[in-house]
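Subject: A structure for you to look at

Hello,

Here is the structure I promised to pass on. Please open it next to this email, and then read on for what turned up in it.

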Amino acid sequence: MTASSPPAAALDALLAPVAAGRATVRVTGDQASIILDVTGLPPAARDALEADVRAAALTAPGIAGVRVAQTSERVAQRIIAVASGKGGVGKSTLAANLAIALARSGRKVGMVDADIYGPSQPRLLGVDGIKAEAHDKKLVPVATKLGVPLLSMGQLVPAGQAIAWRGPMAAGALTQLVDAHWEMADTLVVDMPPGTGDVQLTMIQKHRPAGAVIVSTPQDLALIDATRAIDLFVKAGVPIIGLVENMAGYVCPHCGETSDPFGNGGAEAQAKALGIPFLGRIPLTLAIRSASDAGTPPAAGNGAEADPFKEIAARVGDWLARN
């Protein structure tokens, strides 16, 4: 029978209030084949809808068996790698705030904490202690109150446990975090580990970022390592979106005087020398550190501390729109 035959027409009418237009029906003899469009639904909702549709179909006259296939449109995702040549430059804080600011600008953003050995995004995004679950052998991102779902090794191992893995295991963990149920995200911000090792190579070769944001403090030693990170991405053909100067200037909360414990302007000068965009400066403030540690990064609010992150996110968004 065809989809216009009476059994199929009756089944269409029966499923209409259950499937809400998501079901395409074909009937052959007493067997019904249903294609269910689950675009935009989380895994649990997909399974619940399939169960409801299957149960409803089996009540249709003349239907003895039901086959249901789920299908969905895959959202084209672009990966932004946030990297640094060394640790301690505030890369993870920048990544978290960048992801939040991009989400607040209208993008559907997911966060991958690829710092396998030192995951910090669960704390920064306020989901410390919440474990990630799996569905169909793929991880399901953990929702956050900040509108940026997250996957991190910090959600898969006990708090405080050392992750003593060799390079291939760490690279395999990265693949699990990236190849997860990210269907709703059009942009993945990936907080990379510091350095230029196996995890970075796996990200470049297997997952191919659309571009990289490099984070450095203004001091010469940090800039030397940042230049190495830039060189890795350039040689691999990954565009550099730009360089961010973090911890750039400290304003005393008591006297208002500004000092530069890590120097000033070094990252902007280096960006100019390398011919890459300079995305902006983030000051060294107690407010940014305290809010981030508390799981409420400044970019989630409307205070003055949010402004530098919003400006950097706007420049990253403009880059994505042009490329």
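You will find Arg 208 in the loop between helix 6 and strand 10 (211–216). Although Arg 208 is not a glycine, it has a positive phi of about 45°.

Before you go further, a word on how to read all this. The model is predicted, so local features need pLDDT of at least 70 and side-chain atom pairs count only at pLDDT 80 or more, while totals for chains, interfaces and linings use all residues. Residues are numbered from 1 along each chain as its sequence is written, and side-chain values use heavy atoms, with hydrogens and water left out.

Now the whole protein. Its secondary structure comes to 10 helices and 14 strands; these are DSSP runs numbered from the N terminus, with helices being H or I of at least four residues and strands E of at least two. The C-alpha atoms fill a box of roughly 80 × 40 × 40 Å along the principal axes. There are 323 residues, and 48% of them count as buried. Among contacts (heavy atoms within 4.5 Å) with a separation of 6 or more, 72% are between residues 24 or more positions apart.

A second residue with a positive phi is Ala 20, at about 50°, although it is not a glycine. Ala 20 sits in the loop between helix 1 (6–19) and strand 1 (23–28). Is Ala 20 buried or exposed? Ala 20 is exposed, because its relative accessible area is 66%.

Further along is Gly 29, in the loop between strand 1 and strand 2 (31–37). Gly 29 counts as partly exposed because its relative accessibility is 46%. Gly 29 and Ala 44 are 15 residues apart along the chain, and their C-alpha atoms are separated by 31 Å.

Next, look at Pro 193, in the loop between strand 9 (187–191) and helix 6. How far apart in space are Pro 193 and Lys 86, C-alpha to C-alpha? The distance is 8.6 Å, although the two are 107 residues apart in sequence. Pro 193 is buried, because its relative accessible area is 8%. Leaving out residues up to four places away in sequence, Pro 193 touches several residues, including Ser 84, Lys 91, Ala 114 and Asp 115.

Helix 6 itself (residues 198–207) holds Thr 202. With a relative accessible area of 16%, Thr 202 is buried. Apart from residues up to four places away in sequence, Thr 202 touches Ala 171, Leu 174, Thr 175 and His 207.

Finally, a pair of helices to find on your screen. Helix 7 (residues 220–235) and helix 8 (residues 266–274) pack at an angle of about 35°, with their axes 11 Å apart. Axes are lines fitted to C-alpha atoms, for helices over the stretch in contact, and angles run from 0 to 180 degrees between N-to-C directions. Where the helices meet, Leu 223, Thr 227 and Ile 230 in helix 7 face Gly 266, Ala 267, Gln 270 and Leu 274 in helix 8 as contacts.

Enjoy exploring!

Best wishes

How values were computed
Buried means under 20% relative accessible area, exposed over 50%, partly exposed in between (1.4 Å probe, protein chains only).
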